[in-house]
Amino acid sequence: MITWINGAFGSGKSTLAAGLHQALPGSVVADPEEIGDLLRRTLAGHPRKLRDYQDYPAWRRLTTAYISEIAAHTSGHVLVPMAVLSPAYAAEVFTPLRRSPGLVHLVLHVESDELKARIDASEEFPGDETRSEAVRAYRRRRAVDYAAAAAWMHADGHVIDTSALPAHAVLQAALSRISPAHPVTADGARPS
């Protein structure tokens, strides 16, 4: 199974992926941002370079192939923490992934005031305020994009409102959605 974790930048996608990875034996985390980084490096300085790597058709095709191949190779759970805000891009990536082995689309929602507070409090690079602020500035800019995309995302995916939930409760909600036959305790452990 593939679980795509979508949502606003700063909503907790990576935190949830890490928690799911610990709770689901044999699972792997596959981050398509690495494909984006590869495209950025490869096309740096090229006249056809694009600002957002998701705008490259190659990113969408490579992401679909990458996730499909990882799922086929591992025969386990593939966790994908990646915001895809464009419904057209999501359809291009998700449609083939829904065929086999299947896709669960989780959407982490955060109310705008809480998202702003989380972004303002984040420190992605401890000890390096300049780099941390650059990440915060990017997340602030993209919060508007998430708000614009929320309607289609909420219609397409299973929404978990993380606004007032601690990480263990978000993990529990995600696990109950993707693995309802295998309950876990609030800390992510499986009861014996």
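His-109 in strand 4 has Asp-161 in strand 5 as its bridge partner. Strand 4 (residues 103–109) and strand 5 run parallel and are joined by 4 bridges; two strands are taken to pair if DSSP finds at least two bridges between them. Helices (H or I, at least four residues) and strands (E, at least two) are DSSP runs, numbered from the N terminus. The model is a predicted one, in which local features need pLDDT of at least 70 and side-chain atom pairs count only at pLDDT 80 or more, while totals for chains, interfaces and linings use all residues. Residues are numbered from 1 along each chain as its sequence is written, and side-chain values use heavy atoms, with hydrogens and water left out.

The sheet is open and has 5 strands in the order 2-3-1-4-5, with parallel pairing. Strand 2 and strand 5 (158–161) are its edges, each pairing on one side only. Strands of a sheet pair through backbone hydrogen bonds, either parallel or antiparallel.

Strand 3 pairs with strand 1 (residues 2–7) in parallel through 4 bridges, and Ile-5 stands opposite Pro-81 of strand 3. Strand 2 (residues 28–29) also runs parallel to strand 3, over 2 bridges; here Val-28 faces Val-78.

In a regular strand the side chains alternate between the two faces of the sheet. Strand 3 (residues 78–81) is covered on both faces, with Val-78 and Val-80 on one side and Leu-79 and Pro-81 on the other, all of them buried. Buried means under 20% relative accessible area, exposed over 50%, and partly exposed in between (1.4 Å probe, protein chains only).

Arg-60, in helix 3 (residues 57–74), counts as buried because its relative accessibility is 7%. Leaving aside residues up to four places away in sequence, Arg-60 touches Gln-54, Asp-55, Tyr-89, Glu-92 and Val-93, where contact means heavy atoms within 4.5 Å.

Helix 5 (residues 112–121) and helix 6 (residues 129–156) have axes that come within 9 Å and cross at roughly 165°. Helix 5 is therefore roughly antiparallel to helix 6. Axes are lines fitted to C-alpha atoms, for helices over the stretch in contact, and angles run from 0 to 180 degrees between N-to-C directions; those under 35 degrees count as roughly parallel, over 145 as roughly antiparallel, 65 to 115 as roughly perpendicular and the rest as oblique. In this contact, Leu-115, Ile-119 and Asp-120 of helix 5 meet Arg-136, Arg-139, Arg-140 and Ala-143 of helix 6.
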